[in-house]
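Dear colleague,

I am handing over the structure we spoke about, and below it you will find my notes on what turned up in it. Please read them with the sequence and the structure open beside you.

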Amino acid sequence: MTYADPRDANYLASANKPLAGELSSDYTALGAQLERRGIKIDDITKAVANFKVAVPSWGVGTGGTRFGRFPGVGEPRNIFEKLEDCAVINKLTGATPTVSLHIPWDKTDDYAALREHGAALGLGFDAMNSNTFQDQAGQSLSYKYGSLTHTDAATRAQAVSHNIDCINAGRKLGSKALTVWIGDGANFPGQSHLGRAFERYLESMTSIYKALPEDWRMFIEHKMYEPAFYATVIQDWGSSLMAAQTLGPKAYCLVDLGHHAPNVNIEMIVSRLVHAQRLGGFHFNDSKYGDDDLDAGSIEPFRLFLVFNELVEAELARAPNFRPAHMLDQSHNVTDPIESLMTSAIELQRAYAQALIVERTRLHEFRIGNDVLMAAQTLKRGFTTDVSPILARRECVKARRSIRSRRIAPAAIGRNAGKIGRANKASVVESYKNGVRPQLLAKGVRPHRAPLGIERTHAEV
Ligand code: LRH
Ligand code: MN
């Protein structure tokens, strides 16, 4: 029995061929529409093709919530397998050539081998993420009451050296940035001195900053609450910007879309950080209530568009020091992580394309003339234009459809050797033939990932 490897170019081409006709007529129609607005569709397609976003290594496994985790079949068991799954996302979207690691979740004793493995999969490494919001086995001092801002100097020093370890690991991987998010804060008024906690933060971050290689950046990630439920030391963009400006030119502010109170105007924050020349990058996701880490563009696509509108304005204005690092930071509990991350990468491309087709000259005139409605409508027209043909031209949507219908590889079962695999082999093959995924679901089996095309001997099944 041979299995199709959706990453195989011939396979993709054969899967895409039947769709080519309808795509080119859709693309031509959209091209004509944009032409009437003075916009060249191929310029937009080229810009979207160059849009890249990093995938979080922690996003390819099932995240879970504090109430439970329902792991899928064939979950990656280590960072090497996580990279294999990230490679599938990049192969099928062409938009995710780098992976952002989290230490110690992705700790390995051979970063050179990991770098090679990544390179062999066509992947590089984006910002490293430190973790002083959990205690690790064998850790001498606990972060229960904080890490970089802990009242105990030895605990702060422990957290500082962990961050420096992350930098050293990143240097071996070719990463060029360190993202520092800490959960430090208080649950009760009075528990901590708000000013001194911030000063301890700056003192610790200064030590980490000194360890940054010349060509590295440090991303400070603010968050309103959780795990602290009264005051968080880096609670908002203001605290983050003050810290970045205090630390030095390599320090930037990272905006995780889920780290704000509902209805906060995030695009305004982006505009201010661009003005301050301290916009380091994003953790894209979506949320309705708290830090829900849902798929980007799944709840508030208009808000995502408005964020990209600010990025396009900055790009067109050639804003100084404007080099945002784009990353996804999501947690997948009820969807297939590979599909969710592919979909999210494409939703970012969509928001970017929509922002790129806004008629900026007309918009400017209506703004200067205070023609409020026409200004609002002109901006919104970018959002209401269906740019799917541009995204499809990027060969991504079609591939996704194809992987849906054929995404079965025995190795998927291999990873979960044992009863599950054996029991469902028949049903897997059945659905493969029919190319219809729901059947599997009906049988309660998730035809899940394996490093597609990497066959494990059936003996393992
Ligand atoms: C904190 C956060 C941070 C990561 C973690 C996985 O909520 O957004 O970026 O370290 O999620
Ligand atoms: Mn984040």
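In what follows, a donor is an N, O or S atom within 2.8 Å of the metal, and water is not among the atoms. Please keep in mind that this is a predicted model.

**The metal site**

Along the chain, the donors of the manganese ion (ligand 2) follow the spacing E-x34-D-x26-H-x45-D. Glu221 lies in strand 7 (residues 217–221) and Asp256 in strand 9 (residues 251–256), so this pair ties together parts that are 35 residues apart in sequence. The manganese ion (ligand 2) is coordinated, at 2.1 to 2.2 Å, by Glu221 through OE, Asp256 through OD, His283 through ND1 and Asp329 through OD. The site has six donor atoms, with angles of 72 to 172 degrees among them, and is octahedral. Glu221 is buried, its relative accessible area being 5%, and Asp256 is also buried, at 0% relative accessibility.

**The sheet and its helices**

Six strands form an open sheet in the order 4-5-7-9-10-11, with parallel pairing. Strand 4 (128–129) and strand 11 (325–328) stand at the edges with a single partner strand each, so one side of each is left without a neighbour in the sheet. Strand 5 (residues 177–180) pairs with strand 7 in the parallel sense over four bridges, and Ala177 stands opposite Arg217 in strand 7. Helix 8 (residues 266–275) lies across strand 9 and strand 10 (279–284), and runs at about 155 degrees to strand 10, while helix 9 (residues 301–316) lies across strand 10 and strand 11, at about 160 degrees to strand 10.

**The cores**

The largest nonpolar core has 101 residues, and those with the most contacts inside it are Tyr201, Phe284 and Phe308. Helix 10 (residues 337–356) supplies the largest share of this core, 11 residues. Leaving out residues up to four places away in sequence, Tyr201 touches Leu148, Thr149, Ile182, Ile220, Val233, Ile234 and Ala243. Another core, of eight residues, lies apart from the largest one, and Ala127, Phe219, Tyr252 and Ala325 are among its members.

**Val358**

Val358 lies in the loop between helix 10 and helix 11 (360–368), and is buried, with a relative accessible area of 4%. Beyond its neighbours within four places in sequence, Val358 is in contact with Phe305, Leu363, Thr378, Leu379 and Gly382. Val358 and Phe383, which are 25 residues apart in sequence, are 8.3 Å apart in space from C-alpha to C-alpha.

With best wishes

Notes. Residues are numbered from 1 along each chain as its sequence is written. Chains are lettered from A and ligands numbered from 1 in the order in which they are written. This is a predicted model: local features need pLDDT of at least 70, side-chain atom pairs count only at pLDDT 80 or more; totals for chains, interfaces and linings use all residues. Side-chain values use heavy atoms; hydrogens and water are left out. Donors are N, O and S atoms within 2.8 Å of the metal (3.2 Å for Na, K and Ca); water is not among the atoms, so sites may look incomplete. Four donors count as tetrahedral if all angles lie between 85 and 135 degrees; four count as square planar and six as octahedral if opposite donors are over 155 degrees apart and all others between 65 and 115; anything else is irregular. Helices (H or I, at least four residues) and strands (E, at least two) are DSSP runs, numbered from the N terminus. Buried means under 20% relative accessible area, exposed over 50%, partly exposed in between (1.4 Å probe, protein chains only). A nonpolar core is a set of buried Ala, Val, Leu, Ile, Met, Phe, Trp, Tyr and Cys residues joined through side-chain atoms within 4.5 Å. Contact means heavy atoms within 4.5 Å. Two strands pair if DSSP finds at least two bridges between them. Axes are lines fitted to C-alpha atoms, for helices over the stretch in contact, and angles run from 0 to 180 degrees between N-to-C directions.
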